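Hello,

Here is the structure I promised to pass on. My notes follow below it.

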Amino acid sequence: MRRRLPGPAVLVALAVVAVAMTAALFGWLIVPDATRQDLAIGITYPGPGHPLGTDDLGRDVLQLLVAGARTAVLGALAVSAGSMLLGNLIGLPAGYLGGWADTVAMRWADLMLSVPALLVAIVVAGTMGGGFGVAVAVLIVLFAPTDARVVRGAVLEQRTRPYVEAARLQNLSSWRIMSRHVWPNVVPVALAGAFLNFAYALVSLASLSFLGLGVAAGSPDWGRTLSDNKGQLFTNPWAAVAPGLAIMITAAAVTVVGDWLQERAEARRLAR
């Protein structure tokens, strides 16, 4: 089968994701003094030495943007990976075994999905005093039901296939059939869900940090930087606009890459 090259939109999205991941992993090396304050400078417009200007504490906005990718991107990655793992552990046996396992799992998912996730995250994080770890843990639990339902639906479609019947005739255990035979064919769906959850988690974590329920005050984070500089729209608008654009562009890029990877994985599966 001839391999189709990614289109321009996918290439741009891949470049954005690469830049965001580089900043998240190596930002502390690239801009080690991102939070250094210079009250003598104060707020300045973009210019030489400060491409995006400075905020009211004299901190370089571009450096804050690079350093803020660490919690914003890695936090969203932790949420999407954690919710995918939990959702697969729940949805896989629910779809394959059925019966009480399916009933319990789906009633739990229905209950969790009946309430607005972000509102619950705000209430729980606020009750527990906030914090980055709390925000990530709460979002993992809130995002997992969606993954569980998606995986369950994909498993229901797979469990009647001939290869599953053949595995049962070989007296393989249900766990072995689920993990070795069914789950590999569910990966494209789970992968797409993980990328979509990354985009949602990025926005949700930024929202919690904006409200003061995520990272600590003064920490470099896209949501926190946006909150700290929201009052500077008429002095140096880039101090607030830049982190907002970073959140939107990164979320959109990850979604595009996720769709492309799902299409490739599905095409590979059908070509077997």
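**What I found**

The protein has nine helices and zero strands. Helices (H or I, at least four residues) and strands (E, at least two) are DSSP runs, numbered from the N terminus.

This is a predicted model: local features need pLDDT of at least 70, side-chain atom pairs count only at pLDDT 80 or more, and totals for chains, interfaces and linings use all residues. Residues are numbered from 1 along each chain as its sequence is written, and side-chain values use heavy atoms, with hydrogens and water left out.

The C-alpha trace spans about 75 × 50 × 30 Å along its principal axes. Of the 272 residues, 42% count as buried (under 20% relative accessible area; exposed is over 50%, partly exposed in between; 1.4 Å probe, protein chains only).

Asparagine 236 sits in the loop between helix H8 (222–228) and H9. Asparagine 236 counts as buried because its relative accessibility is 0%. Its side chain reaches the backbone oxygen of threonine 44 at 3.2 Å. That is a polar contact (a pair of N or O atoms within 3.5 Å; within protein, one must be able to donate a hydrogen and the other to accept it, and residues adjacent in sequence count only if both atoms are side-chain atoms). Leaving aside neighbours within four places in sequence, asparagine 236 is in contact (heavy atoms within 4.5 Å) with residues including Tyr45, Pro46, Leu52 and Val61.

Isoleucine 249 belongs to helix H9 (residues 238–270). Isoleucine 249 is partly exposed, because its relative accessible area is 46%.

Best wishes
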